Amino acid sequence: MIIGDSTIIEDLLWGLIPSAVAIGICAWSIVMAFKARGIAHIAISAFLSLALIWSLIVLYRIFILNTWPTFLPHIVIAAGAVIAVVQWLFYRKRQRPAPLSTSFKDQHEG
């Protein structure tokens, strides 16, 4: 990491913030998997964890070891965020109680 005016901002925007987001998404997915205790949630969480750990390793190599930059870890983090939101929607849908009556006719009979 080179200390300079523009490189600190670039390191923050392209390295530190995506790393923090990846760690947060990974932790959120693992917590949902433990709460839901379903095989689908565990599988999604394991896939997300592996993908995000890979992106953190690549970001480390880019910003600490000064290797060739690529946007692929950022794309993986964005896709992981979308997958985590879908996982959360399934978790939320599963937690809602079922309605007593789903038929319009049943609701308006009197």
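Because the model is predicted, local features need pLDDT of at least 70 and side-chain atom pairs count only at pLDDT 80 or more, while totals for chains, interfaces and linings use all residues. Residues are numbered from 1 along each chain as its sequence is written, and side-chain values use heavy atoms, with hydrogens and water left out.

The protein chain holds four helices and zero strands, in the order α-α-α-α from the N terminus. Helices (H or I, at least four residues) and strands (E, at least two) are DSSP runs, numbered from the N terminus. Among contacts (heavy atoms within 4.5 Å) between residues at least 6 apart in sequence, 66% join residues at least 24 apart.

Of the 110 residues, 27% count as buried. Buried stands for under 20% relative accessible area, exposed for over 50%, and partly exposed for what lies in between (1.4 Å probe, protein chains only). The largest nonpolar core has 11 residues: A22, I25, C26, L48, L52, V58, L59, I62, F63, I77 and A84. Such a core is a set of buried Ala, Val, Leu, Ile, Met, Phe, Trp, Tyr and Cys residues joined through side-chain atoms within 4.5 Å. Helices α1, α2 and α3 each supply at least two residues of this core, and the largest share, six residues, comes from α2.

Two residues show contacts in this part of the chain. Leaving aside neighbours within four places in sequence, I77 is in contact with P18, V21, A22, I25, L52, S55 and L59. S49, in helix α2 (residues 39–63), counts as buried because its relative accessibility is 11%. Not counting residues up to four places away in sequence, S49 touches C26 and I30.

Accessible areas come from the Shrake-Rupley method with a 1.4 Å probe, and for residues only the protein chains shown count as cover. A nonpolar surface patch of about 1100 Å² is made by I9, L12, L13, W14, L16, I17, V21, W54, F71, L72 and I75. Patches are made of residues with over 30% relative accessible area and no salt bridge, with like charges joined within 9 Å and nonpolar side chains (Val, Leu, Ile, Met, Phe, Trp, Tyr) within 5 Å. A salt bridge is a side-chain nitrogen of Lys or Arg within 4 Å of a carboxyl oxygen of Asp or Glu. Both α1 (5–36) and α3 (72–95) supply at least two residues of the patch, and α1 gives the largest share, seven residues. L72 lies in α3 and counts as partly exposed because its relative accessibility is 42%.
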